[in-house]
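I opened my notebook to look a structure over and write down what I found. Here are my entries, in the order I made them.

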Amino acid sequence: MAESAETTTRARRRFHFGVDRFSGIYIWGLIILIFALWVPETFLTTTTLRVLASDQAVTGMVAVGLVVPLACGVFDLSIGHVLGFTLVATTWMNVNTDINMAVVTLMMVAIGVAVGLANAAMVVKVGVNSFIATLAMSSILQAFILFVSNNRQIAGEFSDEFKSFGRNVVLGLPQPFFYLLGLTLIIWFVLEYTRSGRYAYATGGNPAAARLAGVRTDRFVTVSLIVSAAVAAFAGVVLAAKLGSASLTAGPPKLIPAYTAAFLGSTQIKRGRINAWGTLVAVYLLATGVKGLQLSGTEVWVDDLFNGVTLALAVGIAVYRRRGDSPGGLAP
């Protein structure tokens with residue numbers, strides 16, 4: 001009798017088609033089907049595919065970079081303004097100087113590292129809550145954005161080398177999309193298959209227990225904040241190359257979609273755990289829904305409503321599932 005019950009349980013587990021871990025992919029397919037039937041003339045085109053891949057590459061990089069501090073149990077609310085500042089600074093340097101594109105990119109990533117170190121100093125050394133510390137950094141970076149830009153959009157002539165960095169097409173898809181895939185692969189591998197990744201999740205899951213086990217939790221928090229800021233800085237360079245100008249408001253709006261994707265991603269692939277591939281799926285699931293709504297002629301405000309409602313649902317689902325799962329990453 002016991003063997004029969006166990007066999008039935010195993011059969012049920014096999015029969016659910018991975019819905020518990022891959023529900024986002026099924027929902028994504030459903031969204032595609034709905035808009036394919038609703039607006040087939042505009043939705044089912046290679047142009048829409050390329051636009052989705054290109055437009056969401058920057059948001060995706062910011063979201064995947066955010067996975068690292070969330071895995072370590074801290075928030076980084078400065079990523080939108082890091083992106084915004086490096087977008088402005090990169091554009092200014094390309095318009096007003098002759099510095100090589102590779103050097104500019106390294107300088108911007110170095111700025112991201114410096115911001116991450118400053119955030120970590122406030123969180124680890126001073127003991128300020130990460131939410132407050134990175135929110136304060138956002139305000140500081142906003143001041144620098146206005147200072148460098150003189151409160152005006154920056155535009156001008158850009159070198160072919162600079163433009164190709166964000167506009168080249170590879171295998172029919174925009175080059176920034178492959179930056180996103182490479183970044184996701186690296187963060188996934190480090191978090192899932194290295195000792196550092198296990199320690200990062202331990203830091204986020206139960207920092208007190210991790211410290212007792214000998215994990216240098218402060219070091220992992222520090223590195224995680226550096227990684228998220230450096231990735232956001234690199235994304236700012238890519239966005240500058242893609243746009244060819246610097247909008248003063250392009251960076252901060254990436255914050256909510258990035259957090260939405262990260263928390264929604266925690267319900268995918270590795271259920272109950274912040275993870276890179278789940279975040280990538282969530283980025284394009286959300287983007288497909290928003291793009292479909294745009295093509296169907298809905299009002300502009302519907303995009304923000306869609307992201308806000310999805311964020312609330314994603315956090316709610318993540319919290320609900322974490323009640324029955326073992327710790328791993330940030331408990332929303």
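**Entry 1: the whole chain**

I began with burial: of the 332 residues of the protein chain, 48% count as buried. For me, buried means under 20% relative accessible area, exposed means over 50%, and partly exposed is in between, using a 1.4 Å probe and protein chains only. I noted that this is a predicted model, where local features need pLDDT of at least 70 and side-chain atom pairs count only at pLDDT 80 or more, while totals for chains, interfaces and linings use all residues. Residues are numbered from 1 along each chain as its sequence is written, and side-chain values use heavy atoms, with hydrogens and water left out.

Next I looked up the secondary structure, which comes to 15 helices and four strands. Helices (H or I, at least four residues) and strands (E, at least two) are DSSP runs, numbered from the N terminus.

The protein chain exposes about 16100 Å², and carbon and sulfur atoms supply 65% of that area. Accessible areas come from the Shrake-Rupley method with a 1.4 Å probe, and for residues only the protein chains shown count as cover.

I also checked contacts, meaning heavy atoms within 4.5 Å. Among the contacts with a separation of 6 or more, 77% come from residues 24 or more positions apart.

**Entry 2: helix α6**

I asked myself: what span should the 26 residues of helix α6 have at 1.5 Å a residue? They should span 38 Å, and the end C-alpha atoms of α6 (residues 101-126) are 37 Å apart, which agrees. The expected span is 1.5 Å times one less than the number of residues in the helix.

I then found a kink of about 25° in α6, centred on Ala120. The bend at a residue is the angle between axes fitted to the seven residues ending there and the seven starting there.

Ala120 is also on the list of buried residues of α6, which includes Met101, Gly112, Asn119 and Val124. The buried residues of α6 pack against α5 (79-96), α7 (130-149), α8 (160-167) and α12 (217-243).

**Entry 3: helix α12**

I followed that packing to α12, which has 27 residues and reaches 39 Å from its first C-alpha to its last, close to the 39 Å expected. I wrote down that α12 is mostly covered, with 19 of its 27 residues buried. Just after α12, Gly244 takes a positive phi of about 75°.

**Entry 4: salt bridges**

Side chains of opposite charge can pair when their charged atoms come close. The rule I used is a side-chain nitrogen of Lys or Arg within 4 Å of a carboxyl oxygen of Asp or Glu. By this rule I count three salt bridges.

Lys242 pairs with Asp55, their closest N and O atoms being 3.3 Å apart. Lys242 lies in helix α12 and Asp55 in helix α4 (residues 46-71), so the pair ties together parts that are 187 residues apart in sequence. Lys242 is partly exposed at 21% relative accessibility, and Asp55 is partly exposed at 33%.

Which residues are linked in a network of salt bridges? They are Glu192, Lys270 and Arg273. The closest N and O atoms of Lys270 and Glu192 are 3.8 Å apart. Lys270 lies in the loop between α13 (255-265) and α14, and Glu192 in helix α9 (residues 175-193), so this pair ties together parts that are 78 residues apart in sequence. For Arg273 and Glu192, the closest N and O atoms are 3.7 Å apart.

Is Glu192 buried or exposed? Glu192 is buried because its relative accessible area is 16%. Lys270 is partly exposed at 37%, and so is Arg273 at 25%.

I found Leu295 in helix α14 (residues 276-295). Leu295 and Val39 are 256 residues apart in sequence, yet 7.2 Å apart in space, C-alpha to C-alpha. Leaving out residues up to four places away in sequence, I see Leu295 touching Val39, Thr42, Phe43 and Thr48.

My last stop was a nonpolar surface patch of about 550 Å², made by Leu30, Leu33, Ile34, Leu37 and Trp38. Patches use residues with over 30% relative accessible area and no salt bridge; like charges are joined within 9 Å, and nonpolar side chains (Val, Leu, Ile, Met, Phe, Trp, Tyr) within 5 Å. Trp38 lies in helix α2 (residues 19-38) and is partly exposed, at 48% relative accessible area.
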